[in-house]
Amino acid sequence: MKLFIDDANIEAIKELNEYYPIDGVTTNPSILAKAKRDPRETLKEIRDVIGEDKIIFAQAVDLSYEGMIRDAHMIMDLLGKNTVVKLPSTPTGFKAMAALKKDGILTCGTVVYTPMQAYLAAKAGASYVAPYVNRIDNMGYDGVGVVKKIQNILENNGMDCEVLAASFKNSMQVLELAEYGVGNATCAADVIKGFVKNAAIDGAIQDFVNDFEALTGKTSMSELD
Ligand code: E4P
């Protein structure tokens, strides 16, 4: 499963990109709004931080078909290769996905709450579909179950589209989908850090250092005479 950072906090992206095996960054207009500056600057800086080989997902904001096409081209001009344009999985979005595919622009059908939205986005030509796990959970449905169903639909119909599972609030939601073999997940920086934030891990590591120091008086192998 590829792992993306669902965030526009540059410092957090720098840290995760350096220390964690991440595959790129996903954004949406609300995430960009949190950065409180020109969204083009934020997106450009994300591209500079992660380099041209990792993927950035950026969302078209305009809700008209013509506007989606314009937004998509503007995003591609801004961010270059390895960019995927997110479009809402609605009838207008489906039309834009089909048109952009013809232009060679990769799209992601986002705002997916139901398997049938994902099916239609994939059929329209989206390369990814982004179901919102935690938001579905909050509605009283099974977010992980919806993603598994979407994965089955894509696989069983031989559709050329990958799941980009999104909207996670805890490690368990991600873990279940990794186990199921879902292709991609995107999580806020804090959720990713939570994967390894565990007092037992920290304690075990410190015990090793303490035991070594008690034996040698040193805290690293390279310090030994
Ligand atoms: C990704 O496509 C979504 O925009 C994002 O993951 C939504 O996350 P949220 O439910 O935490 O806002």
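**Surroundings of the ligand**

The shell around the ligand comprises two nonpolar, three polar and four charged residues, where Ala, Val, Leu, Ile, Met, Phe, Trp, Tyr, Cys and Pro count as nonpolar, Asp, Glu, Lys and Arg as charged, and the others, Gly among them, as polar. The model is predicted, with local features requiring pLDDT of at least 70 and side-chain atom pairs pLDDT 80 or more, while totals for chains, interfaces and linings use all residues. Residues are numbered from 1 along each chain as its sequence is written, and side-chain values use heavy atoms, with hydrogens and water left out.

The residues around the ligand are D6, N28, K86, T110, Y132, R135, A166, S167 and K169, a residue being near a molecule if one of its heavy atoms lies within 4 Å of it. Oxygen atoms of the ligand lie 2.6 Å from a polar side-chain atom of N28 and 2.7 Å from a polar side-chain atom of S167. For K169, a side-chain N or O atom is 2.8 Å from an oxygen atom of the ligand. The ligand taken alone exposes 340 Å², of which the protein buries 84% (Shrake-Rupley method, 1.4 Å probe).

S167 is located in the loop between strand 7 (162–165) and helix 9 (171–180); helices (H or I, at least four residues) and strands (E, at least two) are DSSP runs, numbered from the N terminus. The relative accessible area of S167 is 12%, so this residue is classed as buried (under 20%, with a 1.4 Å probe and protein chains only). Besides the ligand oxygen, the side chain of S167 reaches the backbone nitrogen of R135, at 3.3 Å.

Definitions and conventions
Polar contact = N/O pair within 3.5 Å; in protein donor to acceptor, adjacent residues only side chain to side chain. Buried < 20%, exposed > 50% of the residue type's maximum accessible area, 1.4 Å probe, protein only.
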